[in-house]
Amino acid sequence: MMLSGGSDAMHYKLFMSTLSGTTLDWFVSLPDEHITSFHQFSTLFREQYIVNLPPPPVSYDLFDVKQYQGESLKDFLKRFGAQVVKLHTKDKDMTVHAFRK
């Protein structure tokens, strides 16, 4: 959701409505008057949950893309191509080598 303008209090309320489970528990457990701005809160939130982000793709991930048994070549090429796009790689020789493997 993109929100332009509004107060920090409104940002908190809208953001809190998206939380559930342990994330909501974490939010509720923050000490009163501990947060002074939404910017500070968003930094704390990112620091708390940064470990949940998947690692960025690296070029050797292409070597892990295998065709599943029963998977059509078309579907495999679609998955392989999606991985290549995520990498933003310009190394065509490496891409071809990974595909051949």
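Two residues are said to be in contact when heavy atoms of one lie within 4.5 Å of heavy atoms of the other. The legends below use the word in this sense and describe a predicted model.

**View A. Helix α4 meets helix α5.** Helix α4 comprises residues 73–87, and helix α5 comprises residues 92–100. The axes of α4 and α5 come within 12 Å and cross at roughly 145°, and this crossing is right-handed. On the α4 side, the contact involves F76, L77, F80 and V84; on the α5 side, T95, A98 and F99 take part. Sorted by class, the residues of this contact are six nonpolar and one polar, with no charged residue.

View B. Which residues does V84 touch, not counting residues up to four places away in sequence? The residues are L62, T89 and T95. One of these, T95, belongs to the α5 side of the contact shown in View A. How far is V84 from T36, a residue 48 places away along the chain? The C-alpha atoms of V84 and T36 are separated by 43 Å.

**View C. Helix α2 crosses helix α3.** Two packed helices are described by the angle between their axes and the distance between the axes. For helix α2 (residues 21–29) and helix α3 (residues 38–49), the axes come within 12 Å and the crossing angle is roughly 135°. The angle makes α2 and α3 oblique to each other, and the crossing is right-handed. From α2, residues T22, T23, W26 and F27 meet F41, L44, F45, Q48 and Y49 of α3. The residues of this contact divide into six nonpolar and three polar, and none is charged.

**View D. Helix α1 lies alongside helix α3, with the two roughly parallel.** Helix α1 spans residues 8–16, and its axis comes within 9 Å of the axis of α3. The two axes cross at roughly 30°; angles under 35 degrees count as roughly parallel, and α1 and α3 are therefore described in this way. The contact joins D8, H11, Y12 and F15 of α1 to F38, F41 and F45 of α3. By class, five of these residues are nonpolar, one is polar and one is charged.

**View E. The second largest pocket and its lining.** The volume of the second largest pocket is about 160 Å³. Its lining consists of Y12, F27, V28, L30, P31, D32, E33, H34, I35 and F41. How do these lining residues divide by class? Seven are nonpolar, one is polar and two are charged. Among the lining residues, Y12 and F41 also take part in the contact of α1 with α3, while F27 and F41 take part in the contact of α2 with α3.

How values were computed. Residues numbered from 1 in each chain as written. Predicted model: local features only at pLDDT ≥ 70, side-chain atom pairs only at ≥ 80, totals over all residues. Heavy atoms only, no water. 1 Å grid on protein atoms, 1.4 Å probe; cavity = no way out; pocket = protein on both sides within 12 Å on 5 of 7 lines; lining within 4 Å. Points joined across faces, edges and corners; volume = space filled by probe spheres on them. Nonpolar A, V, L, I, M, F, W, Y, C, P; charged D, E, K, R; others polar. Axes fitted to C-alpha atoms, helices over the stretch in contact; angles between N-to-C directions. Helix = DSSP H or I, 4+ residues; strand = E, 2+ residues; numbered from the N terminus. Parallel < 35°, antiparallel > 145°, perpendicular 65-115°, else oblique. Left-handed = near helix turned anticlockwise from the far one by under 90°.
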